[in-house]
Structures are given as structure tokens and as C-alpha cells.
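Hi,

Here is the structure I promised to pass on. Have a look at it first, and my notes follow below.

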Amino acid sequence: MSANTIRKAKKLVESEGVAKIDDELYQVKSSTDPSKSYMVEKDSCDCLGFKNFYKFHHGKGLKANCSHIEAVRIFKKE
Ligand SMILES: [Zn+2]
């Protein structure tokens, strides 16, 4: 995972861009457009970056990640 992803994720948590909806469901604001938000459920996110990850790395056994999923991880630890 890139340092940039972690930096973005930390910023989202610090700016209170993460909201808990349910135990495994979180709403995370977009770091580029605050009027947008994404739903993160367990290890899955509905943002374009997450969807594209599987498009580009299909079948390689890699786990997709994005700043929203990482933001939820940081949020849960705090
Ligand atoms: Zn995402």
C-alpha cells in the first residue's frame, strides 16, 4: 500500500470524514470531493479505485485497498 493512501486515510479520519453506520458498515467522505461519500462494508468499498483494482489486478490473488478502507481501519483502532 502506498504512503499516499495512508496519508489520505489519516486525513479523512482527522477531518471526521468517517461515520459509523453499522458494525461492518461505514460511510467515508471522498478526499477529493467532500460532497461525495462512499460506503465501506468489511473489506469492500464502492469507489472507482477499488473497482478498478480488481479490473487491473484480476486473478493475482491481491487484496484491493483504497484510502476509504484504510480510513475505516484507522478509525476502528482509535
Ligand atoms: Zn474506496
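A word on terms before the core: a nonpolar core is a set of buried Ala, Val, Leu, Ile, Met, Phe, Trp, Tyr and Cys residues joined through C-beta atoms within 7 Å. Buried means 20 or more other C-beta atoms within 10 Å of a residue's own, exposed means 12 or fewer, and partly exposed lies in between, with C-beta atoms placed from the backbone.

This is a predicted model, in which local features need pLDDT of at least 70, side-chain atom pairs count only at pLDDT 80 or more, and totals for chains, interfaces and linings use all residues. Residues are numbered from 1 along each chain as its sequence is written.

Confidence (pLDDT, the predictor's own score for each residue, from 0 to 100) averages 92 over the protein chain, with 99% of residues at 70 or more. By element (DSSP runs numbered from the N terminus: helices are H or I, at least four residues; strands are E, at least two), the mean is lowest in helix α2 (residues 48–56), at 88, and highest in β2, at 98.

The largest nonpolar core has 12 residues, among them Leu 12, Tyr 26, Val 40 and Val 72. At least two residues come from each of α1, β2 (25–29), β3 (37–41) and α3 (67–77), and α3 gives the most, with 3. Beyond its neighbours within four places in sequence, Tyr 26 is in contact (C-beta atoms, placed from the backbone, within 7 Å) with Val 18, Ala 19, Lys 20, Ile 21, Val 40 and Val 72.

Asp 22, in strand β1 (residues 18–22), is exposed because it has 7 C-beta neighbours inside 10 Å. Just after α1, Glu 16 has a positive phi of about 55 degrees.

Best wishes

How values were computed:
Contact = placed C-beta atoms within 7 Å.
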